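Subject: Structure handover

Hi,

Here is the structure we talked about. Please open it alongside this note, which runs through what turned up.

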Amino acid sequence: MINLNDVSYKYNDAAAQAIRHVSLSIKKGELVVITGKSGCGKTTLFRCVNGLCPRFYEGEIKGCLTLNGNAVSAMSMCALSKSAASVFQNPESQFFTTDVLSDLVYPCENYGIEKEEIQERLHRVTKLLSLEPLLNRKLSELSGGEKQKIAIASVLMLDTRVVLMDEPSSNLDYQSVELLTQILAQLKLKGYTIVIIEHRLHYLAELCDRLIVMENGSIVREYEKDSLRTIGNDELHKQGLRCLHLFQNNSNTLPALRRQHKDEALVVLHDIHFGYRKNIEVLKGIHLSIYPGDKIALIGKNGCGKTTLLHALAGLLVPQSGSVLLHGEDVTGTPGRIGYMLQKDLLLPHKRIVDNVALPLVLQGVSRREARARAQELLARMGLGEVARSWPSELSGGMRQRA
């Protein structure tokens, strides 16, 4: 179904090849998982298969890549999208409208599919992914996990037999990951060919036909289905990979005890109420004190209000009532006082990585030379020193997140 023969790819202006001499054959009906550390070439391989490299991400490709017997280089993007549908790491990058329902039917309308067929597909996909409560929502109102489910649904609406997914579980809570596992199992039973680029491996342990590990742009290891049952987490951890068996843990480390706070609270959220619509509250009387040195995890189901709470904390929205105090000062609705890294990065595509990182300092009046020097130092600490002169489009999702 998918064949790569000695495929290499180098982005324009990049110092080195992103993928090097990759040969891989994926049969019809297989579910293949490709994993590896951030920057190993997974996403570039994904882009080569769906034709975005070099059509959108410009560069030079070598070798032979075929999809269902046809050379990818000779296929139009229209023909490619009818043969293989893609779910991207950032779901918002594949939305075309502003609301859930119109975005789900848009791909089918774009290809001129009859109304009755669209309605049948919509009913089937909505039921499969339990999307009924989201159909009348605006995309801007959804959580990251809910957006990811809509992105997967829009791909299934096309009813292609090859599905490519770039970290589909990255924004999903545990229950949604379980649902994704069930969906993948059903697609596999129906004969779909599925290729998944993924860091999170545990939910794929029973579905995966092959696990392929990449390093420095090349395939370095391949595990068949039978060997996946016996491979231990320790072996994967030595390769810098996540666990395959979720509850297998050889660590004897005890959980840390809760610290006793002696200082006054650094940040206080007092009685925060907020809703995107009338009579639908997302945040309901939130009280939270954050002390110097605290490391706090907010967990909960997709759509429970985690991101909305962070937006209130960072001053990106003004609650209907309540206040946010920083060092005792009211900073409610005042952005810029508390640093915030969004779920999706906001790197400027026309600026190189080093200039993106330097930009906040430049805006504060620091000289461009000094700001770039500081940016180079920070990038080196994050393991990104070698890609400082790269464009954002050349980086993997994990590398962009570090930047």
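First, a cut-off: a residue is buried under 20% relative accessible area, exposed over 50%, and partly exposed in between. Glu-120 has a relative accessible area of 39%, so it is partly exposed. Keep in mind that this is a predicted model.

**Salt bridges**

The count comes to 12 salt bridges. Glu-120 is in one of them. Its partner is Arg-124, and the closest N and O atoms are 3.5 Å apart. Both residues sit in helix 5 (residues 115-129). They are 4 residues apart there, so about one helical turn separates them. Arg-124 is partly exposed too, at 29% relative accessibility.

Helix 12 (residues 368-381) holds another pair, Glu-377 and Arg-374. These two are 3 residues apart, about one turn of the helix. Their salt bridge has its closest N and O atoms 2.9 Å apart. Glu-377 counts as partly exposed at 42% relative accessibility. Arg-374 is partly exposed as well, with a relative accessible area of 34%.

Next, Glu-329 and Arg-337. Their side chains meet in a salt bridge, 3.2 Å from N to O. Glu-329 has a relative accessible area of 39% and is partly exposed. Arg-337 is at 41% and also counts as partly exposed.

There is a network as well: salt bridges link Glu-30, Arg-210 and Glu-222.

**Nonpolar cores**

Which residues have the most contacts inside the largest nonpolar core? They are Leu-104, Leu-129, Ile-150, Leu-184 and Ile-196, in a core of 52 residues. Helix 6 (residues 144-158) gives the largest share of this core, 8 residues.

Leaving out residues up to four places away in sequence, Leu-104 touches Leu-122, Leu-131, Leu-135, Ile-150, Ala-153, Ser-154 and Met-157.

**A nonpolar surface patch**

Where does the surface carry a nonpolar patch? Ile-296, Leu-298 and Leu-310 form one. Together they have about 230 Å² of accessible area. Ile-296 lies in the loop between strand 12 (283-290) and helix 10 (306-313). Its relative accessible area is 46%, which makes Ile-296 partly exposed.

Best wishes

Terms used
Residues numbered from 1 in each chain as written. Predicted model: local features only at pLDDT ≥ 70, side-chain atom pairs only at ≥ 80, totals over all residues. Heavy atoms only, no water. Core = buried A, V, L, I, M, F, W, Y, C linked by side-chain atoms within 4.5 Å. Buried < 20%, exposed > 50% of the residue type's maximum accessible area, 1.4 Å probe, protein only. Contact = heavy atoms within 4.5 Å. Patch = residues over 30% accessible without salt bridge, like charges linked within 9 Å, V, L, I, M, F, W, Y side chains within 5 Å. Areas by Shrake-Rupley, 256 points an atom, 1.4 Å probe, with all protein chains shown as cover. Salt bridge = Lys/Arg side-chain N within 4 Å of Asp/Glu carboxyl O.
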